[in-house]
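Please open the model in a viewer and keep the selection panel at hand.

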Amino acid sequence: MSIRRTSGLVGAVSLALVLAGCGSSSEGGPDTAEQSGTRVFTADNGKITIPADPKRVVATGYAVPVMIEAGAPLVGISSWQRGEPMMTDEDLATYKKLTKVAGEQAAETNYEAVAEAEPDLIVIGVPAPVLGDIDVKRLESIAPVVAIGPTVPSAWRELSRKQADAAGALKKFDAAQDAYEAEAAELAAKYKDVLPKLKLGHVGAYGEVAKGTFQREFGGSWGTNVAEDVGAKYYGKVKESGPGSRSVSEYPSIEELPAAFGEADVLTYSVNADGSVPESVQYVLDSKLWKNLPAVKAGKTFPIRYTEAATYGQALKTLDAIDTSLAPLLKR
Amino acid sequence: MTTAAPVSEAPAAGRTVVPQIALLVGGLVLLAAVAVLSMGVGARPVPPAEVVRALFDHHGTDDHVIVRDVRGPRALLAVAVGAALAVAGALIQTLARNPLAEPGILGVTAGAGFAITVGSALGLAVGQAGELGFAVLGSVLTALLVAAVGRRSPLRLVLTGVALTAVLSGVALGLRLMLPDVFDAYRFWSVGSLAAREQAPLALPVAAIVASLAGALLLSRALNALALGENVAQTLGAGVGRVRAVALVLITVLCGAATAVAGPILFVGLIVPHLVRKPAAGSVPWLVLYAMVLGPVLLLVADIGSRVLLPTGEVPVGIVTAFLGGPMLIWAVRRYGAGSL
């Protein structure tokens with residue numbers, strides 16, 4: 001699977017922060033006002049009255065893998081091919097079995113299929129600006145709709161919890177979170193004498209990596225946020241901060257490789273789930289400027305798989321991939 | 001190349017040959033200066049003296065690597081692509097006797113884009129070599145089809161090219177709308193760029209461009225006669241059919257190779273012939289020579305702009321030439337008048 005996201009999605013993710021006015025409340029989770037069998041839930045699209053214990057949930061976008069992992073009572077989902085390589089066999093089987101009520105794009109929502117699924121809750125996991133591609137009013141005529149979309153990359157933790165909470169599926173979610181945090185703590189202890197002392201840089205592979213440029217990901221980005229839980233320190237910050245992922249990653253010219261990574265002790269780079277190197281990253285690895293970097297000359301470059309993790313289950317795979325990749329650091 | 005009898009230069013051209021040579025030499029000096037500048041300017045500035053050292057006394061420092069392995073190949077590509085598009089433009093405008101003709105009017109660009117789209121949909125146009133191969137294939141097949149249908153007259157040729165462009169563009173657009181991943185792959189190719197080509201297999205397309213430029217120079221005298229009209233050309237002994245066929249082949253190779261390696265770059269093929277028509281004084285050989293020099297200058301300047309316009313990253317050169325091309329065309333029309341067109 002290519003880890004490059006489509007421009008529309010990335011742009012939409014970016015715009016999500018701009019339109020923070022329609023984002024979720026800082027507290028997340030449900031409001032206190034509860035009625036018999038329902039509760040008021042704060043989402044990107046406002047305060048929505050939803051069932052306290054939903055029985056038939058439709059999920060789309062980023063909410064799909066979250067709901068499957070959390071064991072939510074799903075009756076329909078959107079297609080989510082980009083997440084397939086990161087699913088467990090069991091989750092993948094569930095994903096394939098579920099009725100698809102929407103395509104990969106928000107605009108490909110099949111309203112009749114949603115209605116046929118007879119949901120009592122619809123959870124839309126797309127960035128707030130992409131909501132414009134969806135006829136929310138039409139969906140609201142079918143069931144309560146809560147939109148909980150991605151903002152900055154590292155916020156997947158809070159957003160996925162909120163999505164699971166809306167669907168009343170926090171029990172399994174919390175177990176996955178606990179497993180992740182335990183594993184992260186274990187790895188942090190394992191690498192505590194090595195990682196925190198090093199300056200890391202990361203070459204990413206998602207978004208608009210145009211010809212002649214590369215993606216540099218800083219702390220809090222997709223390619224770095226899980227490694228940070230292990231104690232990795234990615235240095236630097238974007239030259240011009242933008243909304244969403246643009247606040248933690250940028251796309252400089254290949255000529256800026258020495259300036260970007262000249263100080264790095266260790267360099268990591270994103271690879272596909274099958275270990276293959278994305279074209280945009282391969283371009284960097286083949287550059288003579290890359291081969292001139294001190295970290296590269298010292299042999300301290302490490303591929304990282306599953307850098308698109310947006311659920312605790314997926315992030316567990318990322319942790320394993322990081323441990324496998326960085327293990328040589330412990331021997332030096 | 002042609003059996004055309006020697007054709008006299010236009011009287012005006014004969015009188016101005018010394019200034020024309022001086023202008024050509026001046027153009028070459030300008031080209032050299034812009035080329036050195038283009039290797040010094042970018043995200044990481046390199047002083048001109050260091051640029052020269054990088055080329056002739058390479059020590060493998062970051063500056064030297066940038067000049068020799070990133071900007072050097074890029075400047076050479078700009079020269080090749082700029083010359084190819086400008087000369088192709090000069091040839092098609094002369095051949096079609098249409099001042100609005102540009103290389104893409106024969107459908108070559110649309111053919112390359114269509115092939116890239118289909119190749120991406122099939123999962124075959126992957127990587128720079130894959131894209132290059134499909135672009136060349138699309139260009140050549142389209143040109144062959146256009147030539148086969150429209151070879152009898154310039155008007156028929158242009159109409160066939162325009163019609164095929166519309167058809168191929170429409171089908172390709174439909175495919176891209178249905179397949180978002182294909183659209184994603186296509187959009188990076190569709191905006192012409194000279195960036196990141198230093199690792200691509202460019203020897204063959206660049207060699208094809210160089211050979212075609214030489215061919216264009218050899219053919220230009222015969223085109224002088226054709227520019228006067230078919231009847232006059234035949235009276236002068238020019239083999240109209242053969243000249244036109246060879247010109248078509250050259251235009252196809254020049255435009256196809258340039259589009260394959262850099263993507264569609266608008267305006268260079270349209271604007272450069274207009275800018276050099278006045279000093280060429282009605283002589284097709286001088287028109288081709290000047291286009292061969294000014295095309296690279298224009299593209300190098302645009303490429304420098306593409307590197308410095310954004311604080312981070314680059315603007316594809318195709319966008320810069322589009323921005324430059326519009327005003328320059330208007331300036332040329334106002335400066336030289338409609339007669340020059």
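Helices (H or I, at least four residues) and strands (E, at least two) are taken as DSSP runs, numbered from the N terminus. On that basis, chain A has 13 helices and 13 strands. This is a predicted model, in which local features need pLDDT of at least 70 and side-chain atom pairs count only at pLDDT 80 or more, while totals for chains, interfaces and linings use all residues. Residues are numbered from 1 along each chain as its sequence is written, and chains are lettered from A and ligands numbered from 1 in the order in which they are written.

**Confidence**

Begin by colouring by pLDDT, the predictor's confidence in each residue, from 0 to 100. The model as a whole scores ipTM 0.73 and pTM 0.78. Chain B has an average pLDDT of 83, and 93% of its residues score at least 70. Select helix α1 (residues 11–15) of chain B, which has the lowest mean pLDDT among the elements of that chain, 50; then select helix α13 (residues 284–308) of chain B, which has the highest, 93. Residues 1–11 of chain B stay under 50 in pLDDT, and the model has 31 contacts for them beyond four places in sequence. Two residues are in contact here if their C-beta atoms, placed from the backbone, lie within 7 Å.

**Chain A as a whole**

Of its 332 residues, 54% are buried. A residue is buried if 20 or more other C-beta atoms lie within 10 Å of its own, exposed if 12 or fewer, and partly exposed in between, with C-beta atoms placed from the backbone. Among the contacts in chain A with a separation of 6 or more, 68% join residues 24 or more positions apart.

**Two positive phi angles**

Most residues other than glycine have a negative phi. Select E118(A), in the loop between α4 (111–116) and β7 (121–125) of chain A. E118(A) has a positive phi of about 50° although it is not a glycine. Is E118(A) buried or partly exposed? E118(A) is partly exposed because 13 other C-beta atoms lie within 10 Å.

With 23 C-beta neighbours inside 10 Å, Y306(A) counts as buried.

**A helix pair in chain A**

Two packed helices are described by the angle between their axes and the distance between the axes. Select helix α2 (residues 63–70) and helix α6 (residues 156–166) of chain A, whose axes come within 9 Å and cross at roughly 60°. Axes are lines fitted to C-alpha atoms, for helices over the stretch in contact, and angles run from 0 to 180 degrees between N-to-C directions. α2(A) and α6(A) are therefore oblique to each other; angles under 35 degrees count as roughly parallel, over 145 as roughly antiparallel, 65 to 115 as roughly perpendicular and the rest as oblique. The crossing of α2(A) past α6(A) is right-handed. A crossing is right-handed if the near helix is turned clockwise from the far one by less than a right angle, and left-handed if anticlockwise.

Show side chains for A63(A), V66(A), M67(A) and A70(A) in α2(A), which meet S160(A), Q163(A) and A164(A) in α6(A). This contact has five nonpolar, two polar and no charged residues. Ala, Val, Leu, Ile, Met, Phe, Trp, Tyr, Cys and Pro count as nonpolar, Asp, Glu, Lys and Arg as charged, and the others, Gly among them, as polar.

**A helix pair in chain B**

Switch to helix α4 (residues 62–96) and helix α11 (residues 240–262) of chain B, whose axes come within 9 Å and cross at roughly 145°. The crossing of α4(B) and α11(B) is left-handed. Residues making the contact include L77(B), V81(B) and L85(B) of α4(B) and R244(B), L250(B) and I251(B) of α11(B). By class, the contact of α4(B) with α11(B) has 18 nonpolar, no polar and one charged residues.

**Between the chains**

Finally, show both chains: 25 residues of chain A are in contact with 21 residues of chain B. On the chain A side, α9 (257–261), α10 (279–285) and α11 (288–291) each supply at least two residues. That side has eight nonpolar, seven polar and ten charged residues.

End at N292(A), in the loop between α11 and α12 (294–297) of chain A. Which residues does N292(A) contact, leaving aside its neighbours within four places in sequence? They are P258(A), D62(B) and V65(B). N292(A) is partly exposed, with 18 other C-beta atoms within 10 Å.
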